[in-house]
Amino acid sequence: MPKTKISWTDYSWSPVTGCTHSGSKGCDFCFAKTMAKRFWGDRKFSDIRCHPERLEQPLHWKKSRRIFVCSTARSEEHTSELQSHSFISYAVFCLKKKNKN
């Protein structure tokens with residue numbers, strides 16, 4: 001999980017990346033799309049990917065941190081991405097369970 005220079009967060013954690021949304025004026029200024037163009041090479045931003053190997057990363061954190069979740073995704077409005085919500089929900093559940101022990 002990369003450390004970030006963004007002032008309001010410490011790290012970026014992206015178990016889901018990509019977005020199928022396009023066409024609105026807001027998309028012209030989309031942070032996630034800009035980052036994807038910068039770091040993904042030839043991969044298109046519309047290529048939605050879930051990264052299950054990243055799910056357990058929060059379980060290994062020793063200290064609390066400010067996290068920018070899914071900085072290279074836009075997942076809240078796409079039914080095709082319901083699986084991504086499940087991944088994130090599972091990770092949060094695991095963190096809560098870990099903190100109770």
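Here's a short tour of this predicted model, stop by stop. Local features need pLDDT of at least 70 and side-chain atom pairs count only at pLDDT 80 or more, while totals for chains, interfaces and linings use all residues. Residues are numbered from 1 along each chain as its sequence is written, and side-chain values use heavy atoms, with hydrogens and water left out.

Start with the cartoon view. You'll find 2 helices and 4 strands, running β-β-α-β-β-α from the N terminus. These are DSSP runs: helices are H or I with at least four residues, strands are E with at least two.

Next, select the aromatic rings. The whole structure holds 4 aromatic pairs (ring centres of Phe, Tyr and Trp, using Trp's six-membered ring, within 6.5 Å; planes under 30 degrees apart are stacked, over 60 edge-to-face, the rest tilted). Pick Trp-8 and Phe-68: their ring centres are 5.0 Å apart and their planes meet at 50°, so this pair is tilted. Trp-8 sits in the segment before β1 (11-13) and Phe-68 in strand β4 (residues 67-69), 60 residues apart, so to speak a link between distant parts of the chain.

Is Phe-68 buried or exposed? At 18% relative accessibility, Phe-68 counts as buried (under 20% relative accessible area; exposed is over 50%, partly exposed in between, with a 1.4 Å probe and protein chains only).

Last stop: Tyr-11. Lys-3 lies over the face of this ring, 5.0 Å from the centre, and the charged end of Arg-65 sits over the ring of Tyr-11 too, 4.4 Å from its centre (NZ of Lys or CZ of Arg within 6 Å of the ring centre and within 35 degrees of the ring normal).
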